[in-house]
Amino acid sequence: MVPAPSSTGASSDASSTDAPPTGSRSRDRALASLLYRLDLHRRLAEQRSPLGTADGRLLWLMSDRRPRTLREISGALGLEQSTVNRQVNAAIDAGLLRRFAEAGRPARLIEPTAAGIEAFENATALALGAYDDALATLGDESGAFLELLDRFVGAYGEAVRAE
């Protein structure tokens, strides 16, 4: 279920000054609203990225430059192998990845090209710049925010997996 935008309108402005809600249910709804707004901003960033979403995810995984099989990529991304195969083929056609055979291995391997690494580094610099700008607004509290966010993400992951 997607939470509705805040009752103050459909604004996705991160500087909203709504009073914090009280009570556990209100707190949960406030969090859902914030995460919804964050997701909207994240999607906009993905749309503006010089890399498509699939290419970005593939290159993020492959940024260690370790060749992988389609099965390894599929497992790491949690996607069906047929989906990964289509995405890898598109990235190969775009010159971002290359497929090659290695003696003694039945499966062909995939690795990023120099152009793929460069495209990934450029797209990552843009994304990290936006994160840096947002974190800078927190000043000295950015470290504490990141620690709390890390704890939250870990606890949320545990709660979701437990269901």
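At what angle do the axes of H3 and helix H4 (residues 81-93) cross? Roughly 110 degrees, and the axes come within 9 Å.

## About the model

This is a predicted model, where local features need pLDDT of at least 70 and side-chain atom pairs count only at pLDDT 80 or more, while totals for chains, interfaces and linings use all residues. Residues are numbered from 1 along each chain as its sequence is written, and side-chain values use heavy atoms, with hydrogens and water left out.

## Helices that cross

Let's go back to that crossing. With 110 degrees between the axes, H3 ends up roughly perpendicular to H4 (that label covers 65 to 115 degrees). Helices here are DSSP runs of H or I with at least four residues, numbered from the N terminus. The axes are lines fitted to C-alpha atoms over the stretch in contact, and angles run from 0 to 180 degrees between N-to-C directions.

H3 (residues 70-77) also packs against helix H2 (residues 53-62), at about 105 degrees and with the axes 11 Å apart. So H2 and H3 are roughly perpendicular too. Their contact (heavy atoms within 4.5 Å) involves Arg57, Leu58, Leu61 and Met62 of H2, plus Ile73, Ala76 and Leu77 of H3.

## A nonpolar patch

Over on the surface, a nonpolar patch has about 870 Å² of accessible area together, and its members include Leu31, Leu35, Phe145 and Tyr156. Helix H1 (24-48) and helix H6 (142-162) each give two or more residues, and H6 gives the most, with 7.

Take Phe145, which lies in H6: its relative accessible area is 38%, so it's partly exposed (between buried, under 20%, and exposed, over 50%, with a 1.4 Å probe and protein chains only). Patch residues have over 30% relative accessible area and no salt bridge, and nonpolar side chains are joined within 5 Å. A salt bridge means a side-chain nitrogen of Lys or Arg within 4 Å of a carboxyl oxygen of Asp or Glu.

Terms used:
Patch = residues over 30% accessible without salt bridge, like charges linked within 9 Å, V, L, I, M, F, W, Y side chains within 5 Å. Areas by Shrake-Rupley, 256 points an atom, 1.4 Å probe, with all protein chains shown as cover. Parallel < 35°, antiparallel > 145°, perpendicular 65-115°, else oblique.
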